Amino acid sequence: MEPLVIAGKAFQSRLIVGTGKYKDGPETQRAIEASGAEMVTVAVRRVNLDRSKESLLDYIDPQRYFLLPNTAGCYTGEEAIRAARLGREVGLSDWVKIEVIGDQRTLYPDVAGTLLATEVLVKEGFTVLPYTTDDIVFAKRLIDAGAAAVMPLAAPIGSGLGIANTYNLRMLRELITEVPLIVDAGLGTASDAALAMEMGFDAVLLNTAIAGATDPILMAEAMQHGVLAGRQAYLAGRMPRKLYATASSPLEGISK
């Protein structure tokens, strides 16, 4: 199928995976490989960047995977800006997934801080992918600020609830066509990923749904298939829904 293109860069996989909550580095490595993902997020504030001791980065081959630093753990726009700059300074990437958390209980984003970080970092030459709410007005403001993609949540981070805001996400999909739309946060299993893709989203980003599974490696593989199946179903176009039955086999020519 056609690749996912963000800021002119093409990816064959439409599944993006995170690297948190696994039991160790080897499990992280095996799960990423099983997922078939090409883009992998790494929390700038939660990895040993100077490599003075074992680091998560020891298990992710930068020649094989595209690293997307994220600003997880930041609660102000200024903190997110500093984290993004640090990631670039140590050679991770000039791409960044912006996360500015506004509420510790729900982990919903701080929209003002997110917009500030996006505006500043875009001006500094970063390719910015912000984690955001499902608010269409705010999504458009992020695009106006130069966001290369918009990443709305489907449910609270790590909740595994699946798509809890179907109506708003469908509205986002209908009204935003300028940049890729990536469902980020809240998915719990492969059918959730498939549904997001069937709705027409360009990609999904997962972490806890894989790392928190009983068998993370098998779930990573299932997510790969779910994303692919959902994308294929979206492109194929589902049959119309009907109120009454329609025979699968034609009735013409049947002898009486």
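Modeller: Glu-33 and Arg-64 meet through their side chains in a salt bridge, at 3.9 Å from N to O. Glu-33 belongs to helix α1 (residues 25-35) and Arg-64 to the loop between β4 (39-43) and β5 (66-70), so the pair ties together parts 31 residues apart in sequence. Bear in mind that this is a predicted model.

Colleague: Is Glu-33 buried, exposed or partly exposed?
Modeller: Glu-33 counts as partly exposed because its relative accessibility is 47%.

Colleague: How many salt bridges does the count come to?
Modeller: The count is seven. One of them joins Arg-231 to Glu-2, with the closest N and O atoms 2.2 Å apart. That pair links distant parts of the chain: Arg-231 is in helix α8, Glu-2 is in the segment before β1 (4-6), and 229 residues separate them.

Colleague: Which residues are linked with Arg-231 in a network of salt bridges?
Modeller: Glu-2 and Arg-14 are linked with Arg-231 in that network.

Colleague: What about Arg-173, what does it form a salt bridge with?
Modeller: Asp-202 is the partner, and the closest N and O atoms are 2.9 Å apart. Arg-173 sits in helix α5 (residues 166-175) and Asp-202 in the loop between α6 and β10 (203-206), 29 residues apart, so here too the pair links distant parts of the chain. Both Arg-173 and Asp-202 are buried.

Colleague: Changing topic. At what angle do α2 and α3 pack?
Modeller: Helix α2 (residues 77-89) and helix α3 (residues 111-123) pack at about 35 degrees, and their axes are 8 Å apart. The crossing of α2 past α3 is right-handed.

Colleague: Which residues meet there?
Modeller: From α2, Gly-77, Glu-78, Ala-80, Ile-81, Ala-84 and Arg-85. On the α3 side they meet Gly-113, Leu-116, Ala-117, Val-120 and Leu-121.

Colleague: And Val-96, where is its place?
Modeller: Val-96 is in strand β6. It counts as buried because its relative accessibility is 1%. Leaving aside neighbours within four places in sequence, its contacts include Ala-84, Leu-121, Leu-68 and Phe-126.

Colleague: What is the phi of Leu-107 near?
Modeller: Phi of Leu-107 is near 60 degrees, a positive value in a residue that is not glycine. Most residues other than glycine have a negative phi. Leu-107 lies in the loop between β6 (95-98) and α3, and it is partly exposed because its relative accessible area is 25%.

Colleague: And the phi of Ala-185?
Modeller: Phi of Ala-185 is near 95 degrees, again positive in a non-glycine residue. Ala-185 is in the loop between β9 (182-184) and α6 (190-198). Its relative accessibility is 11%, so it counts as buried.

Colleague: Last one. Which residues make the nonpolar surface patch?
Modeller: Met-1, Leu-228, Tyr-234 and Leu-235 make a patch of about 380 Å². Leu-235 is in helix α8 (residues 216-236). With 45% relative accessibility, Leu-235 counts as partly exposed.

Note on methods:
Residues are numbered from 1 along each chain as its sequence is written. This is a predicted model: local features need pLDDT of at least 70, side-chain atom pairs count only at pLDDT 80 or more; totals for chains, interfaces and linings use all residues. Side-chain values use heavy atoms; hydrogens and water are left out. Patches are made of residues with over 30% relative accessible area and no salt bridge: like charges are joined within 9 Å, nonpolar side chains (Val, Leu, Ile, Met, Phe, Trp, Tyr) within 5 Å. Accessible areas come from the Shrake-Rupley method with a 1.4 Å probe; for residues, only the protein chains shown count as cover. A salt bridge is a side-chain nitrogen of Lys or Arg within 4 Å of a carboxyl oxygen of Asp or Glu. Helices (H or I, at least four residues) and strands (E, at least two) are DSSP runs, numbered from the N terminus. Buried means under 20% relative accessible area, exposed over 50%, partly exposed in between (1.4 Å probe, protein chains only). Axes are lines fitted to C-alpha atoms, for helices over the stretch in contact, and angles run from 0 to 180 degrees between N-to-C directions. A crossing is left-handed if the near helix is turned anticlockwise from the far one by less than a right angle, and right-handed if clockwise. Contact means heavy atoms within 4.5 Å.
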